[in-house]
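I'll jot things down as I look them up.

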Amino acid sequence: MKVGIVSWGAYIPKYRIRTEEVARIWGDDPLRIVDVYLVDEKSVEGIDEDAVTIAVEAARRAIRRAGIDPKKIGAVYAGTESKPYAVKPISSILVDALGLSNNVFAVDMEFACKAGSEGLVAAIGLVKAGQVEYGMTVGTDTSQGEPGEHLEYSASSGGVALIVGRDGVAAELEAVYSYVSDTPDFWRREGSPYPMHGEGFTGEPAYFRHIIGAAKGLMEKYGYKPSDFAYVVFHQPNGRFPVRAASMLNIPMEKIKPGIVVTHIGNTYNASALMGFAKVLDVAKPGDKILLVPFGSGAGSNAFVFTVTDVVQERQKTGVPTVEDMLRDKIYVDYAQYLKMRKMIKLFD
Amino acid sequence: MKHESVPIYWRNIPQYYRLVAKRCKKCGAVHFPPVVRCRCGSKELEDLELPKEGKLVEFTVLHQVGTDFLKQKPLVVGLVELSNGVRVVGQIVDAQVEKLAPGAKVEVVFRRVVADGKHGLVMYGYKFRPVGL
Ligand SMILES: [Zn+2]
């Protein structure tokens, strides 16, 4: 019995700010910054966008691509670390914005950038158990970085929705493996406007340990080797980390490159790895195996293996915007416009 | 400006989120915003979710705007003819005004409309944005 991804939908806000524009404001050398992070520009949400609106757009596209009745979706999860409300779910707004039935399991999940992919695990579980026909997870963020701090060069906005089911599966789930530990690499306390992170702590003990731990654990437990995969997609906090993780696992460059989006839109947090996954699904061929490993600070990774089915070709022809389409469709803003759009200028209420 | 109350917003969610109109069961007329009585006199109305794409009939750029939108000037507002012929007025977002023209293809998007101060409700609803411009 096949269970897996029935459809995917991605949304990248139209606005971009160039790394050199941010560097100009804070007195950094733009060439050095681009060299360190390999991020040329990042996406910026419009003034009337937030993690909710981004989730709705991505989810609507996933439903359009699937061509299913939204009332058949029995579970909806939103993974984010930029909720507009501290208390009030995104997932219930999705229920009414998408026209789902009221008989739906719904919750927002938080685990830094991993929450959206944890929603995928939960949705797959419910579908496998026969509890729901379709389940949906959305990774959505308008991620924050303190102005002038290095996180600002990558923290960006975007969303990806995945519909899981057993009917019309475009990418069948073969295996999933998790790797989690208490690692204080990145956090944001209640009420803090920006996250804190341990410089030099985000790499080895956090990103690499958990990504490699999940990917290696999966390969050992289920008997995969790097040559089994046509595409490999990792979480992308910058352009360097996923490339290095690939080389640590002896995965050749050409398998990782098609799923890299951080260079053009920055780190969309909960949508980061999923955006790379969506970009790969836009072009994948039946029979391709995809290794997907999102990561969330705090810290943890889930490694997934999917096998693309014949259905993918149908899904690729639906006219829903591809990730590549959205990478090209952009309007540049300057730093002042960026602050306004991100609601970072202090105004009276 | 006084915001719409929470109960009124809540009652209007189908209209704001998904463009749910009313269709007259007697004469077939479609009403958006929804009405409780058709112009033919009938009160027998059913829900109809409007299509999510259409074309721009006309638009204007507002430099004088209501209090809620003062920090979003200029505001582009357009009349959109949806693919089933129903016409809806709404804000046009993500548009480069110099590229905008009647006939432009637009799609319905879901956006923040107003937030009731720093602590109150964020109210969401439909807007339009150009496709392929
Ligand atoms: Zn009538």
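These are my entries, one topic at a time, and I keep in mind that the model is predicted.

**Entry: Ser7(A)**

I started with a serine in chain A. Ser7(A) sits in strand 1, which covers residues 4-11 of that chain. Buried or exposed, I wondered about Ser7(A)? Buried is what I noted, because its relative accessibility is 0% and the cut-off for buried is under 20%.

Next I looked up what the side chain of Ser7(A) reaches. One of its polar atoms is 2.6 Å from the backbone oxygen of Ala62(A). The side chain also gets to the backbone nitrogen of Ala66(A), at 3.3 Å. Leaving out residues up to four places away in sequence, I listed what Ser7(A) touches: among them are Arg65(A), Leu162(A), Ile163(A) and Arg315(A).

**Entry: the zinc ion**

Which protein atoms hold the donor places around the zinc ion? I found the SG atoms of Cys24(B), Cys27(B), Cys38(B) and Cys40(B), at 2.2 to 2.4 Å from the ion. Along the chain these donors are spaced as C-x2-C-x10-C-x1-C. I checked the angles among the four donor atoms, and they run from 105 to 115°, so I wrote the site down as tetrahedral.

Cys38(B) has a relative accessible area of 2%, so I put it down as buried. Cys40(B) comes to 36% and therefore goes down as partly exposed.

**Entry: empty space**

A probe the size of a water molecule, rolled over the atoms, shows where empty space is left. How many cavities of 30 Å³ or more did I get? The count is one. The largest cavity has a volume of about 30 Å³.

I went through the lining of the largest cavity and noted residues including Cys113(A), Lys114(A), His235(A), Tyr269(A), Asn270(A) and Pro294(A). Helix 10 of chain A (residues 272-281) contributes the most to this lining, with three residues.

**Entry: helix 4 of chain A**

I wrote out the buried ones: Ile90(A), Ser91(A), Ile93(A), Leu94(A), Val95(A), Ala97(A) and Leu98(A). After helix 4 comes Gly99(A), and I noted that its phi is positive, near 75°.

Methods: Residues are numbered from 1 along each chain as its sequence is written. Chains are lettered from A and ligands numbered from 1 in the order in which they are written. This is a predicted model: local features need pLDDT of at least 70, side-chain atom pairs count only at pLDDT 80 or more; totals for chains, interfaces and linings use all residues. Side-chain values use heavy atoms; hydrogens and water are left out. Helices (H or I, at least four residues) and strands (E, at least two) are DSSP runs, numbered from the N terminus. Buried means under 20% relative accessible area, exposed over 50%, partly exposed in between (1.4 Å probe, protein chains only). A polar contact is a pair of N or O atoms within 3.5 Å; within protein, one must be able to donate a hydrogen and the other to accept it, and residues adjacent in sequence count only if both atoms are side-chain atoms. Contact means heavy atoms within 4.5 Å. Donors are N, O and S atoms within 2.8 Å of the metal (3.2 Å for Na, K and Ca); water is not among the atoms, so sites may look incomplete. Four donors count as tetrahedral if all angles lie between 85 and 135 degrees; four count as square planar and six as octahedral if opposite donors are over 155 degrees apart and all others between 65 and 115; anything else is irregular. On a 1 Å grid over the protein atoms alone, a cavity is a set of points where a 1.4 Å probe fits but cannot get out, and a pocket is an open set with protein on both sides within 12 Å along at least five of seven lines; lining residues have an atom within 4 Å of a point. Grid points are joined across faces, edges and corners, and a volume is the space filled by probe spheres set on the points.
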